Amino acid sequence: MADVNSKRISELIRIPGNSTCADCKSDVVEYASYNIGVFLCANCAGVHRSLGAHISKVKHLKLGSWEDSQVKRMEEVGNTVARRKFEERVPVCYRKPTQEAPHILKEQWIRAKYEREEFIHTSKQRYTRGTMEGYLYKRSKVDNTVKQRKFVLSEKDKILKYYVNDKKEPKAEIRILEINISFAPEKLTESLRKPAFQISFLNQGSTRHIFIYHNDPEVLVEWYMAIRSAKLNLLHVAHPTVADSELLQCLTQDFLKEGYLYKTGPKPNDGFKKRWCTLDGRKLMYHEQPMDPYPKGEIFLGSDCEGFSVGEGAEPTSCSKVREQGFSFHVKTPTRCFWFSTDRQDDRDEWISLLQTVIKRPMTPQDFYLNGILVKKRASSFFSIR
Ligand SMILES: [Zn+2]
């Protein structure tokens, strides 16, 4: 009987829907939750196990034997039917994590689905109400300590603000439409071992970064989704004819890549200086340190048909007299050529490949807007942000 059941399970995972993980769509399915009736990858199975057997009973597909009742349950449900139930009311703003997404997003997605049943009972979706208020931990710009700050999100006012002193004026008011959030960048989660995200926004044409932590991943993910929800609703108003699928691209995007590079200055004899570089969509920002509140400069990456290009080594016509070091590449804009270098070839190749992907994309109206307002280099006196 055991053999018959194992065979039946092997047949079931070939059915479309069951061949990819019910939660992250990974195509390596090795486990099942035999009370819920879904097929899972090893990573999501680990999260299911952490929920406790009262919510999800997990077993390996090939190790151990399958009882008739368990196989019957898997036949009756399966990933497609389960998704219809547990994902029935996922709000459009919700970022459904793929396999590559940060672990915390996957974990909270799974908890939201099966433990809290947020997508069955919409009253549990606190993040779609257009307002949110609470305390988060923000890294101080001055001494790098982490301090509790009150944050208030208001879709009606189109603003996210935070307070140093709850009874005084807010320290900053950030326009929701100009926010990007990169979820769980390694530099943040490694430094404090807490769930974290980085908010980047424009202030007087320059990007400002703030670094946010919270001990409870559920709270952090709620804020993330609340900001996405408010931004989506505001984008709907601003661009009523644009489809959701396009607006969703503008909500939040994790950084494509971050890391140290060496960069030369604009003068012919400027040497290479070590800079923390961040590729945030069409912005390539360079900083002295990974958690600087402001980039030293930002390069807007237009499209290749407007004269932007990326390639190995120095750009041939540039007047660089600096001796090449390591593995270098250049980023050419219509007004200036930037020269970077790194210690590793695979790192250089990855930068070039990602930068080329960005400049091959056609420009959207939002891209033109960003290009128009972005101040490319911060003057040293510019430090007047409240
Ligand atoms: Zn998975």
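Reply: Happy to! One term before we start: domain bounds here come from an automatic or database domain assignment. The model is predicted, so local features need pLDDT of at least 70 and side-chain atom pairs count only at pLDDT 80 or more, while totals for chains, interfaces and linings use all residues. Residues are numbered from 1 along each chain as its sequence is written.

Me: Thanks. Which domains is the chain divided into?

Reply: There is domain 1 (2-123), domain 2 (125-248) and domain 3 (257-373). The C-alpha centres of domain 2 and domain 3 lie 27 Å apart.

Me: How many residues does the contact take from domain 2 and from domain 3?

Reply: Domain 2 gives 13 residues and domain 3 gives 11 residues, with a contact meaning that two C-beta atoms, placed from the backbone, lie within 7 Å. On the side of domain 2 that touches domain 3, β9 (196-203) and β10 (206-213) each supply at least two residues. The largest share of that side, 5 residues, comes from β10. Strands (E, at least two residues) and helices (H or I, at least four) are DSSP runs, numbered from the N terminus.

Me: And by class, what does the side of domain 2 that touches domain 3 have?

Reply: That side has 3 nonpolar, 6 polar and 4 charged residues. Here Ala, Val, Leu, Ile, Met, Phe, Trp, Tyr, Cys and Pro count as nonpolar, Asp, Glu, Lys and Arg as charged, and the others, Gly among them, as polar.

Me: New topic: how many residues are in the largest nonpolar core?

Reply: The largest nonpolar core has 63 residues, and Leu40, Phe197, Tyr224 and Ile227 have the most contacts inside it. Such a core is a set of buried Ala, Val, Leu, Ile, Met, Phe, Trp, Tyr and Cys residues joined through C-beta atoms within 7 Å. Buried means 20 or more other C-beta atoms within 10 Å of a residue's own, exposed means 12 or fewer, and partly exposed is in between, with C-beta atoms placed from the backbone.

Me: Which helix gives the most to this core, and where does the core lie?

Reply: Helix α7 (residues 217-238) gives the most, with 10 residues. Domain 1 and domain 2 both give residues to this core, so it lies between them.

Me: What does isoleucine 227 touch?

Reply: Leaving out residues up to four places away in sequence, isoleucine 227 touches Leu153, Leu160, Ile176, Ile179 and Ile181.

Me: Which strands do bridges join to β17?

Reply: Strand β11 (residues 257-264) is joined to β17 by 2 bridges, and strand β16 (residues 327-332) by 6. Both pairings run antiparallel; strands pair if DSSP finds at least two bridges between them. Tyrosine 262 has serine 341 in β17 as its bridge partner, while phenylalanine 329 stands opposite phenylalanine 340. β16 and β17 also form a hairpin with 4 residues between them.

Me: Last one: how many helices and strands does the chain have?

Reply: The chain has 10 helices and 17 strands. Buried residues make up 34% of its 386 residues.
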